[in-house]
Amino acid sequence: MEVIFALDILAGLVALGFLGLFLLALRRWFIQRAGGTFDCSLRLSREQPGQGWVFGVARYTADRVEWFRAFSYSPRPREVLFRRDLEILGKRMPEPSEEVALLAGTVVLQCSQRGRLIELAMSEDALTGLLSWLEAAPPGQRMNVA
């Protein structure tokens, strides 16, 4: 009797795990269905050198880039970067202590939005797309690429 009860609990936990994975995949599909998405890590904390990176997905909209955590159930973006306020400060290669937390072949983009330092890590192709999106601002809108 106890063995059957333990197996029922185990089966329930496995089912909950699969449900959680399914919901994460469904959320990512909803984020990506409109197009204009790319894999992008965001540095949320700079307290320790090389740490604080969180993997996510970024999505272009008309005037902003929305960043979503990859492993979250929230339908809202964690960060929103507005084109008119985003200033590109430079790019760099990841430091050795950062390479463990980032995808292979990424480049770190250092930005500022309203005086706040923001670091994004993405592939070279995604970086080219982001810079093109910034340069494609409507006429008269300020361009902030260094």
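Before I place that residue, a word on terms: a strand here is a DSSP run of E with at least two residues, and strands are numbered from the N terminus. In those terms, and bearing in mind that this is a predicted model, Glu79 lies in strand β4.

Is Glu79 buried or exposed? With a relative accessible area of 12%, Glu79 counts as buried, because the cut-off for that word is under 20%. Its side chain makes a polar contact, at 3.1 Å, with the side chain of Arg116. Setting aside neighbours within four places in sequence, Glu79 is in contact with Leu42, Val65, Glu66, Trp67 and Arg116.

Stepping back, the open sheet consists of seven strands with antiparallel pairing, and their order is β4-β3-β2-β1-β7-β6-β5. The edges are held by β4 (79-82) and β5 (86-92), each of which has a single partner strand, so one side of each is left without a neighbour in the sheet. From one strand to the next, the twist averages 35 degrees.

Helix α1, residues 2-32, packs on this sheet and touches β1, β2 and β3, its direction making about 40 degrees with that of β2. Helix α2, residues 124-135, also packs on the sheet, where the strands it touches include β4, and its direction makes about 130 degrees with that of β7.

Terms used: Residues numbered from 1 in each chain as written. Predicted model: local features only at pLDDT ≥ 70, side-chain atom pairs only at ≥ 80, totals over all residues. Heavy atoms only, no water. Pairing = 2+ DSSP bridges. Helix = DSSP H or I, 4+ residues; strand = E, 2+ residues; numbered from the N terminus. Axes fitted to C-alpha atoms, helices over the stretch in contact; angles between N-to-C directions. Contact = heavy atoms within 4.5 Å. Buried < 20%, exposed > 50% of the residue type's maximum accessible area, 1.4 Å probe, protein only. Polar contact = N/O pair within 3.5 Å; in protein donor to acceptor, adjacent residues only side chain to side chain.
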